[in-house]
Amino acid sequence: MTKHNIVNIHSQIVDINDMSEFNSAYEDYMDGVTHLPAQLLWQAASIIPDGGDDSDTVRCSMSMIATNTKKDSVDTARVQ
């Protein structure tokens, strides 16, 4: 399967101030996908405990559901 098969994404970020950077990376990755998946994004209190060194801190965690079932086309609410 490919990114075109993703139907649902749950994303957690450590700092909600990183949402703009996250959205930019997400939009770059999803470029070319005609049926965007449902997505939830929230700030997590902690994803993986920090050992005190920012270089090893997990900043984002994502889980995805994908299917190879044909998707039906519907009108979109997404601004083009």
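1. F22 and Y26 are about one helical turn apart, because they stand four residues from each other in helix α1; helices here are DSSP runs of H or I with at least four residues, strands are runs of E with at least two, and both are numbered from the N terminus. A search of the whole structure finds one aromatic pair, and F22 and Y26 form this pair, which is stacked, with 6.2 Å centre to centre and 15° between the planes. Rings of Phe, Tyr and Trp (its six-membered ring) count as a pair if their centres lie within 6.5 Å, and planes under 30 degrees apart are called stacked, over 60 edge-to-face, and the rest tilted.

2. Please keep in mind that this is a predicted model, in which local features need pLDDT of at least 70 and side-chain atom pairs count only at pLDDT 80 or more, while totals for chains, interfaces and linings use all residues. Residues are numbered from 1 along each chain as its sequence is written, and side-chain values use heavy atoms, with hydrogens and water left out.

3. Are F22 and Y26 buried or exposed? F22 is buried, with a relative accessible area of 10%, and Y26 is buried too, at 13%; buried means under 20% relative accessible area, exposed over 50%, and partly exposed in between, with a 1.4 Å probe and protein chains only.

4. The largest nonpolar core has seven residues, namely I6, I9, I13, F22, Y26, M30 and V33. Strand β1 gives the most to this core, with three residues. Such a core is a set of buried Ala, Val, Leu, Ile, Met, Phe, Trp, Tyr and Cys residues joined through side-chain atoms within 4.5 Å.

5. Three strands make an open sheet in the order β2-β1-β3, with mixed pairing, where two strands pair if DSSP finds at least two bridges between them. Because β2 (38-43) and β3 (60-66) stand at the edges with a single partner strand each, one side of each is left without a neighbour in the sheet. Strand β1 (residues 6-13) pairs with β3 in the antiparallel sense over seven bridges.

6. S11 lies in strand β1 and stands opposite M62 in β3. S11 is buried, with a relative accessible area of 0%. Leaving aside residues up to four places away in sequence, S11 touches F22, Q39, L40, L41, W42, S61 and M62, where contact means heavy atoms within 4.5 Å.
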